[in-house]
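Take a moment with the sequence and the model below. Then follow the text from one region to the next.

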Amino acid sequence: MVVGTRPEIIKMAPIIKELEKRKADYFILHTGQHYSYNLDRVFFEQLRLPEARYNIEAGSSSHAEQTAKILVGIEKILQKEDAGIVLVEGDTNSVLAGALAAAKLHIEVGHVEAGLRSYDRDMPEEINRILTDHCSDHLFAPTEKAKSILLGEGIAPEKIYVTGNTIVDAVHQNLELSQEKNSILETLKLRPREYLLCTLHRQENVDNKTRFTSILEGLNKVSAGLKLKVLYPVHPHSRKRMEEFNLKASNITLIEPVDYLEFLQLESNSRLILTDSGGIQEESCILGVPCVTLRDNTERPETVDIGANILAGTASEDILKCAQVMLGKSRDWQNPFGDGKAGEKIVSIITERLGS
Ligand code: UD1
Ligand code: UDP
């Protein structure tokens, strides 16, 4: 099980829990792409995940350097271990490096969350998704749409399984706990449905001063126009750029990233979510909270098709308009990402494959 970043840990957790339940022979390999406590360890502790057997400690650097460090590190470990299959999840540099290292050693690769496409090759994640899908032996597509994309790219049908997305499992497994144990709303002096939640960290948004400034202006307009507080747990990538570009966000409440139970609590009680995150587009849809995506495209079109999400782009006026549209939406859509048993299904498929 290769993990490297916050969303991979959260989305692999249901699979790891299932492997634990079945007392399977497996280990976790952490690439160390994320290493800050609140992007990494906090999730191992809170989701009660077993320790990683290895941590490559790749850390932060350029795309080539980071991917290369992970690739070399994983190869060394796989040469020592007798792995039957390597599982990767999502679209980060850790995922691409994990899949490539295993494929070159002729070890089977399973890609969880296969078949997502934004059709925007300026995004590093799009390159990672395409390459990972095309060197995988088992492609766990979350939806029929993702499967049809893979088939359209010539991937053999017998390699593809529609399992749902493990994020549904993660939400189902933790939501109740988050409601029971959590007091983050009290701490932040927020009342349910009286605030908006925002996250923003994608390279094409925060590494570009003009786009980042325009989004922050849009958030200010939304806060003033709708008379609602905007809460933004700031990813360290974005924090670094805000400091570098000297950006101010006077009407927005900025906080440090929070743990998973706290974040679920913040999401499920917010009036509206504004984000450029992939996982948060899914979670808002699962939780029945309308979403405004601060991007020009999405690899999660299912959320837009059912009316749970809208693409606002990054112009401040458009962000305000889209927020107004989404506030008027009824929240009666059906979650398109499965029944919360994706982890179980994926483990059953792998077990069957390895047994055969
Ligand atoms: C990465 C993924 C992105 C994913 C995101 C999840 C790639 C190309 N990007 O973006 O797809 O959506 O994770 O959150 O794989 N930093 C810290 N502490 C950390 C990690 C990063 O402070 O633990 C800061 C560093 O300043 C670093 C910057 O964040 O330079 C970017 O980190 P990096 O791993 O390159 O990309 P993310 O923006 O985290
Ligand atoms: N998340 C969290 N705390 C935060 C912000 C996000 O636990 O302060 C969780 C969120 O619930 C979701 C995941 O992190 O499951 C999304 O990760 P991120 O936005 O970093 O990456 P992406 O999904 O865009 O790759």
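The paragraphs below go through the cores, the strands, the ligands and some single residues.

This is a predicted model, in which local features need pLDDT of at least 70, side-chain atom pairs count only at pLDDT 80 or more, and totals for chains, interfaces and linings use all residues. Residues are numbered from 1 along each chain as its sequence is written, chains are lettered from A and ligands numbered from 1 in the order in which they are written, and side-chain values use heavy atoms, with hydrogens and water left out.

Start inside the protein. A nonpolar core is a set of buried Ala, Val, Leu, Ile, Met, Phe, Trp, Tyr and Cys residues joined through side-chain atoms within 4.5 Å. Buried means under 20% relative accessible area, exposed means over 50%, and partly exposed lies in between (1.4 Å probe, protein chains only). The largest such core holds 50 residues. Met1, Ile15, Leu87, Phe140, Tyr260 and Leu266 have the most contacts inside it. Helix α1 (residues 6–21) is the top contributor, giving seven residues to this core. Helices (H or I, at least four residues) and strands (E, at least two) are DSSP runs, numbered from the N terminus. Another core lies apart from the largest one. It has 30 residues, including Val206, Tyr232, Ala249 and Cys322.

Now look at Leu87. Contact means heavy atoms within 4.5 Å. Beyond its neighbours within four places in sequence, Leu87 is in contact with residues that include Met1, Met12, Ile15, Val112, Phe140 and Ile350.

Turn to the strands. Two strands pair if DSSP finds at least two bridges between them. Strand β4 (residues 85–89) pairs with β5 in the parallel sense, over five bridges. Ile85 stands opposite Glu108 in β5. Why is strand β5 (residues 108–112) largely enclosed by the rest of the structure? Four of its five residues are buried.

Two bridges join β1 to strand β2 (residues 29–30), in the parallel sense. Val3 has His30 as its bridge partner in β2.

Helix α3 (residues 63–80) carries Ile74. At 0% relative accessibility, Ile74 counts as buried. Leaving out residues up to four places away in sequence, Ile74 touches Val2, Leu29, Thr31, Ile56, Ala97, Gly98 and Ala101. Its C-alpha atom is separated by 9.6 Å from that of Ala99, 25 residues apart along the chain.

Next come the ligands. A residue is near a molecule if one of its heavy atoms lies within 4 Å of it. Which residues come nearest to ligand 1? Of the 19 around it, they are His34, Tyr35, Ser36, Glu125 and His237. A polar contact is a pair of N or O atoms within 3.5 Å; within protein, one must be able to donate a hydrogen and the other to accept it, and residues adjacent in sequence count only if both atoms are side-chain atoms. The side chain of Ser36 has an N or O atom 2.7 Å from a nitrogen atom of ligand 1. For the Glu125 side chain, an N or O atom is 2.6 Å from an oxygen atom of the ligand. For the His237 side chain, the corresponding distance to an oxygen atom of ligand 1 is 2.5 Å. Ligand 1 taken alone exposes 750 Å², and the protein buries 88% of that. Accessible areas come from the Shrake-Rupley method with a 1.4 Å probe; for residues, only the protein chains shown count as cover.

Glu125 is also one of the buried residues of α5. Helix α5 (residues 124–134) is mostly covered, with eight of its eleven residues buried.

Ligand 2 is surrounded by 18 residues, and the closest are Arg202, Val258, Ser277, Gly279 and Glu283. Here the backbone takes part. A polar backbone atom of Val258 is 2.8 Å from a nitrogen atom of ligand 2. Gly278 places a polar backbone atom 2.9 Å from an oxygen atom of the ligand. Taken alone, ligand 2 exposes 540 Å², of which the protein buries 95%.

Finish with two loop residues. Glu57 is found between β3 and α3. Its phi is near 55 degrees, a positive value in a residue other than glycine. Glu57 is exposed, at 64% relative accessible area. His106 lies between α4 (93–104) and β5. Its phi is positive too, at about 60 degrees. His106 counts as exposed, at 74% relative accessibility.
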